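Me: I would like to go through this structure with you, one topic at a time. Please keep the answers plain.

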Amino acid sequence: MAVSAPREEVLRAAREITWREAPVARFLLAFTRNKLRPEGRVLDDFAMGGDTVLALSDDELLYGGIGSQAGPVRPEQPMHEALRDYAEPGCTKVVFNMRYAGGILSTETRILATDERTRRSFGRYWRLIRFPSGIIRITLLSAVKRRVDIRPEGARN
């Protein structure tokens, strides 16, 4: 999504958007996550759900986590190390980002199952949620864009 604002401002907005600013995403995720408070920050809630901040760079916010049927896996080592080598069967490793480069704000989610049975199971799940997931992505990116676009006139560069 094209966004015309300084990178720092766009990534700050990405960190600060709330579910109130993305009600469609909140509604769609209400079926899969705990109650999402309207005033709760989107990325903070992702982190509380077991997803951990993996990296914050000049152009990207990167979150990740490990899930299982029993819920989030909380390895003893830092998540950025655990994600690389974790291989317990029945789990999925998830990495989610928001990136702003060349005036384009994008998001991507990558998922890797730790075994074939989990991969097949997740594939069936993905067929059900693919369309709503796309709507959630567009809603979150639009919320960031709106937040940047409504900044006070004096804050523009």
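**Salt bridges and beyond**

Reply: Arginine 110 and glutamate 108 form a salt bridge, with 2.7 Å between the closest N and O atoms. Please note that this is a predicted model.

Me: Is arginine 110 buried or exposed? And what about glutamate 108?

Reply: Arginine 110 counts as exposed, because its relative accessibility is 55% and the cut-off is over 50%. Glutamate 108 counts as partly exposed, at 38%.

Me: How many salt bridges does the structure hold?

Reply: There are 11 salt bridges in the structure. One of them joins glutamate 39 to arginine 37, whose closest N and O atoms are 3.6 Å apart. Glutamate 39 is partly exposed at 47% relative accessible area, and arginine 37 is partly exposed at 43%.

Me: What do aspartate 85 and arginine 84 do?

Reply: Their side chains meet in a salt bridge, at 3.6 Å from N to O. Aspartate 85 and arginine 84 are both exposed.

Me: Which residues are linked in a network of salt bridges?

Reply: Glu16, Glu21 and Arg147 are linked in such a network. As background, side chains of opposite charge can pair when their charged atoms come close.

Me: Changing topic to aromatics. How many aromatic pairs does a search of the whole structure find?

Reply: The search finds 2 aromatic pairs. In the pair of phenylalanine 122 and tryptophan 126, the ring centres are 6.4 Å apart and the planes lie at 20 degrees, so this pair is stacked.

Me: Where are those two residues in relation to the helix?

Reply: Phenylalanine 122 and tryptophan 126 are both in helix H5, residues 116–149. They are separated by about one helical turn, because they are 4 residues apart in that helix. In general, an α-helix has 3.6 residues a turn, so residues three or four places apart point the same way.

Me: Which residues do the ring pairs link into a cluster?

Reply: The ring pairs link Phe122, Tyr125 and Trp126. Of these, phenylalanine 122 is partly exposed with a relative accessible area of 21%, and tryptophan 126 is partly exposed with 29%.

Me: Let us stay with H5. Where does H5 bend?

Reply: H5 bends by about 55 degrees at isoleucine 129. A proline, proline 132, follows within four residues.

Me: What caps the N-terminal end of H5?

Reply: Aspartate 115 caps that end, with a side-chain oxygen 3.1 Å from the backbone nitrogen of arginine 117.

Me: Which residues of H5 are buried?

Reply: The buried residues of H5 include Thr118, Ser133, Ile136, Arg137, Leu140 and Leu141.

Me: Arg137 is a charged residue type, I note. What does the side chain of arginine 137 make a polar contact with?

Reply: The side chain of arginine 137 makes a polar contact with the side chain of threonine 107, at 3.5 Å. Threonine 107 lies in strand E5 and counts as buried, at 15% relative accessibility. A polar atom of the threonine 107 side chain also lies 2.6 Å from the backbone oxygen of asparagine 97.

Me: Now the strands. How many bridges join E4 to E5?

Reply: E4 and E5 (residues 104–113) are joined by 10 bridges and run antiparallel.

Me: Is threonine 92 buried or exposed?

Reply: Threonine 92, in strand E4, counts as buried, because its relative accessibility is 15% and the cut-off is under 20%. Setting aside neighbours within four places in sequence, its contacts include Gly65, Ile111, Thr118 and Phe122.

Me: One last item. Where is the place of proline 89?

Reply: Proline 89 sits in the loop between helix H4 (79–85) and strand E4 (91–101). Proline 89 counts as exposed, at 59% relative accessibility. Not counting residues up to four places away in sequence, proline 89 touches Thr114 and Asp115. The C-alpha atoms of proline 89 and glycine 65 are separated by 15 Å, and these residues are 24 apart along the chain.

Definitions and conventions:
Residues numbered from 1 in each chain as written. Predicted model: local features only at pLDDT ≥ 70, side-chain atom pairs only at ≥ 80, totals over all residues. Heavy atoms only, no water. Salt bridge = Lys/Arg side-chain N within 4 Å of Asp/Glu carboxyl O. Buried < 20%, exposed > 50% of the residue type's maximum accessible area, 1.4 Å probe, protein only. Contact = heavy atoms within 4.5 Å. Phe/Tyr/Trp six-rings, centres within 6.5 Å; stacked < 30°, edge-to-face > 60°. Bend = angle between axes of the 7 residues up to and from the residue. Polar contact = N/O pair within 3.5 Å; in protein donor to acceptor, adjacent residues only side chain to side chain. Pairing = 2+ DSSP bridges.
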